[in-house]
Amino acid sequence: MDKGREIDIHDWRNKDCVLAALQLAAQKWSGFQINGNDDYKALCVKLAAEHGFKISNPELQANIESERQRMRAVQKTTAQQPTREPGLVR
């Protein structure tokens, strides 16, 4: 629910709802702070790393950077795997 200066998320366990709220916040403000329990913050960290949201909580910056590095490592590993031709079994 958009209240002007803040956005309340009632279904904070639903990734799609949280993503929509973060997208709205990113449209409204260049950076924003999140408040909530640790599980909610962890989900926001993952979404921020994945989508580039600028969450301004100082205590979350290291987590966001760690998640970005983890995602880059996974992408690099996936990109280095050899591709197989469809329909062939080796």
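The following legends describe close-up views of a predicted model.

**View 1. Helix H2, from end to end.** Helix H2 covers residues 38-51, a run of 14 residues. At 1.5 Å a residue, a helix of this length should span 20 Å.

View 2. Just after the helix comes glycine 52, which takes a positive phi of about 80°.

**View 3. The buried residues of helix H2.** Buried positions in H2 are Tyr40, Lys41, Leu43, Cys44, Val45, Leu47, Ala48 and Ala49. The buried residues of this helix pack against two others, helix H1 (15-28) and helix H3 (61-80).

**View 4. The salt bridge between glutamate 59 and lysine 41.** The whole structure contains 3 salt bridges, and one of them joins glutamate 59 to lysine 41. The closest N and O atoms of this pair are 3.8 Å apart, within the 4 Å that a salt bridge requires. The pair links distant parts of the chain: glutamate 59 belongs to the loop between H2 and H3, whereas lysine 41 lies in helix H2, 18 residues apart. Lysine 41 has a relative accessible area of 18% and therefore counts as buried, because buried means under 20%. Glutamate 59, with a relative accessible area of 46%, is partly exposed.

**View 5. The salt bridge between arginine 72 and glutamate 65.** Here the side chains of arginine 72 and glutamate 65 meet, with a distance of 3.2 Å from N to O. Arginine 72 is partly exposed, at 45% relative accessibility. Glutamate 65 is also partly exposed, and its relative accessible area is 31%.

**View 6. The salt bridge between arginine 70 and glutamate 67 in helix H3.** The side chains of arginine 70 and glutamate 67 form a salt bridge, at 2.7 Å from N to O. Both residues lie in helix H3, and they stand 3 residues apart, which is about one turn of the helix. Glutamate 67 has a relative accessibility of 12% and so counts as buried.

Note on methods
Residues numbered from 1 in each chain as written. Predicted model: local features only at pLDDT ≥ 70, side-chain atom pairs only at ≥ 80, totals over all residues. Heavy atoms only, no water. Helix = DSSP H or I, 4+ residues; strand = E, 2+ residues; numbered from the N terminus. Expected span 1.5 Å × (residues − 1). Buried < 20%, exposed > 50% of the residue type's maximum accessible area, 1.4 Å probe, protein only. Contact = heavy atoms within 4.5 Å.
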